[in-house]
Amino acid sequence: METSMRNIPEDIPHDFTKIRIENCHLTELPRGSFSKVSALEFLWLNFNDITLMNIQSLDGLANLTELRLQGNKLTSVTWTAFQDTPKLKILDLKHNRLDVLPEHALRHLPSLTYLDLSFNQLSVISKDVFINWPLYQTAEKAWGKEGLVSNVVMGLHDNPWLCDCRLKGFVEFIREVSPPIILMNSYLTCSGPASKADKFFHEIQLKTCMKPVASAQETNITLPLGANATLTCLVKARPGPTFQWMYPLKIIRGFVATETHIDEETFTSQLAIPSFHLADRGLYTCMANNFVGNSSVIITVNINLPPPVSMFSADENVHIDIRISKQTVYGITLEWYAVTGNPAETWFTIHFGKYDSPKKEMTYIGPGINSYTVSDLLPVTKYEVCVTLKNHPPTEGQCIVFVTGSDISELEQRARLIHIIVIVCAMVLAVPAGMYACTTEARFSCVDHCVNLWRKRRLHSKNLQGTERQGTFDSLQAASDENLCRDSEDKPKKMRKSEDRCKGGSAAQLY
């Protein structure tokens with residue numbers, strides 16, 4: 001008693017039946033602590049500093065009937081260790097720090113008649129802890145048959161019981177408990193939540209648990225640039241959920257989320273977004289989770305951009321150089337250059353669609369970007385694409401009209417290339433070898449002639465060995481123009497007249 005022993009002695013006589021080591025600063029029960037004392041029946045280790053109990057700490061104690069561990073620092077107990085103590089009747093664990101009692105904790109204690117778990121940190125336990133207790137399952141039947149009156153005393157008071165849906169089964173068990181099970185103190189009280197604090201178990205009614213159901217009053221929000229915003233997520237759940245927000249720039253811009261408990265089963269989480277940036281637009285997901293399940297709701301946040309301030313009036317003809325810079329398997333890439341007073345704040349609009357469509361699809365391009373890729377083009381289709389200042393209608397010189405073909409190139413035997421034939425263009429274009437361009441003034445007869453020349457040239461190029469044609473406009477060979485002219489000179493006069501019309505229409509020089 002009250003010595004700084006710290007460790008359990010190894011030379012305890014094997015015939016001892018009772019050992020009492022108290023206030024000796026023991027910190028653990030190691031493996032086989034008393035395995036050599038096989039006659040031991042009573043073991044008292046109260047008021048030490050024991051925090052750890054080895055799974056084989058009670059090995060060899062088949063005759064043990066009483067174990068007292070009051071006033072230690074145990075946060076959990078290795079319940080399977082009691083497989084080695086089948087005769088244990090008294091287990092005293094009061095004044096520890098136990099916060100969990102597993103469902104099968106009492107499975108290996110069939111002879112227990114006294115269990116004290118009072119003055120611990122238990123807040124939620126399942127009634128299955130007692131339903132799975134072999135003694136509880138057979139006690140009434142065995143005692144009634146044998147005509148014996150024996151009681152099992154339990155101490156469960158003075159724990160911080162959290163009286164929500166998770167404790168529903170246990171509360172009902174305590175209300176219905178009767179001899180041979182006797183509670184030392186049957187007036188168990190709630191510590192929380194606030195609405196039930198300090199109330200006795202027999203005074204409360206608990207509902208069944210349910211998974212969260214998340215919702216939002218507004219799921220599509222448009223905000224002006226620089227505005228302060230608050231996104232609200234409403235959740236119904238029992239017990240209360242944990243919240244998590246997911247959004248595009250969470251790692252870079254971590255916003256503050258606050259939670260509010262409206263009533264027993266209604267909760268809100270609010271995400272505050274200060275000074276809304278362009279990069280903040282996107283999907284914001286509010287996720288709620290409890291032990292029953294989870295739920296989420298997505299809020300789409302858009303930005304309302306003011307029209308860009310331009311130094312040019314709507315009537316001024318801003319010159320925009322536009323060209324097709326690259327041809328891909330199923331599309332093209334545009335590049336443009338515009339002289340504006342403030343390039344860092346100038347927005348552009350891409351107008352794209354079928355040539356005969358009265359309404360074109362519009363795409364807004366921010367400052368500092370001068371290229372755009374159009375994909376998924378259809379074969380044998382006439383298209384028009386224009387580049388203008390934002391919200392300005394297209395004007396002369398800002399559009400390209402082109403027709404897609406349906407031929408298969410040598411280098412793309414498995415994929416169908418779209419061969420672009422530009423038929424309306426207000427500036428010099430870069431086009432690949434074997435492809436022909438005419439300007440806005442060109443008549444369609446000229447276009448037909450260009451197409452025929454192109455087809456003949458393709459048949460000629462297929463017979464050349466070692467020649468590789470590139471699928472992009474950047475790969476144009478310098479000799480293309482010379483060959484085109486040479487082909488033209490070999491034609492009859494009728495054809496030459498058609499070529500003259502093309503030249504008269506300022507056929508675009510090939511680069």
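Reader: Hi! What share of the 511 residues in the protein is buried?

Author: Buried residues account for 41% of the 511. Keep in mind as we go that this is a predicted model.

Reader: Good to know. How many helices and strands are there?

Author: The protein has six helices and 27 strands.

Reader: And which share of the contacts joins residues at least 24 apart?

Author: If you take contacts between residues at least 6 apart in sequence, 62% of them join residues at least 24 apart.

Reader: What about the surface? How much of it belongs to carbon and sulfur atoms?

Author: The accessible surface is about 27500 Å², and 51% of that belongs to carbon and sulfur atoms.

Reader: Let's switch to charges. How many salt bridges does the count come to?

Author: The count is 14 salt bridges. As background, side chains of opposite charge can pair when their charged atoms come close.

Reader: Could you walk me through one? What does Glu264 meet in a salt bridge?

Author: Glu264 pairs with Lys196, with 3.3 Å from N to O. Glu264 sits in the loop between β16 (256-263) and β17, while Lys196 is in the loop between β11 and β12, so this pair ties together parts that are 68 residues apart in sequence.

Reader: Nice. Is Lys196 buried or exposed?

Author: Lys196 is buried, because its relative accessible area is 8%, under the 20% cut-off.

Reader: Now the next residue along, Glu265. Which lysine forms a salt bridge with Glu265?

Author: That would be Lys207, and the closest N and O atoms of the pair are 3.9 Å apart. Here too distant parts of the chain are linked: Lys207 belongs to the loop between β11 and β12 and Glu265 to the loop between β16 and β17, 58 residues apart.

Reader: How accessible is Lys207, and how accessible is Glu265?

Author: Lys207 has 47% relative accessibility, so it counts as partly exposed. Glu265 has 19%, and therefore counts as buried.

Reader: Which arginine meets Glu265 in a salt bridge?

Author: Arg238 does, with 2.3 Å from N to O. Arg238 is in strand β14 and Glu265 is in the loop between β16 and β17, 27 residues apart. Arg238 and Glu265 are both buried.

Reader: Which residues are linked in a network of salt bridges?

Author: One such network links Glu66, Arg68, Asp92, Lys94 and Asp116.

Reader: What about backbone angles? What is phi of Ser275?

Author: Phi of Ser275 is near 50 degrees, which is positive in a residue other than glycine. Ser275 lies in the loop between β17 (266-273) and β18 (282-289), and its relative accessible area of 34% makes it partly exposed.

Reader: And phi of Asp376, what is that near?

Author: Near 60 degrees, also a positive value in a residue other than glycine. Asp376 is in the loop between β24 (371-374) and β25 (382-389).

Reader: Last one: why does Asp376 count as exposed?

Author: Because its relative accessible area is 65%, and exposed means over 50%.

Terms used: Residues are numbered from 1 along each chain as its sequence is written. This is a predicted model: local features need pLDDT of at least 70, side-chain atom pairs count only at pLDDT 80 or more; totals for chains, interfaces and linings use all residues. Side-chain values use heavy atoms; hydrogens and water are left out. Helices (H or I, at least four residues) and strands (E, at least two) are DSSP runs, numbered from the N terminus. Buried means under 20% relative accessible area, exposed over 50%, partly exposed in between (1.4 Å probe, protein chains only). Contact means heavy atoms within 4.5 Å. Accessible areas come from the Shrake-Rupley method with a 1.4 Å probe; for residues, only the protein chains shown count as cover. A salt bridge is a side-chain nitrogen of Lys or Arg within 4 Å of a carboxyl oxygen of Asp or Glu.
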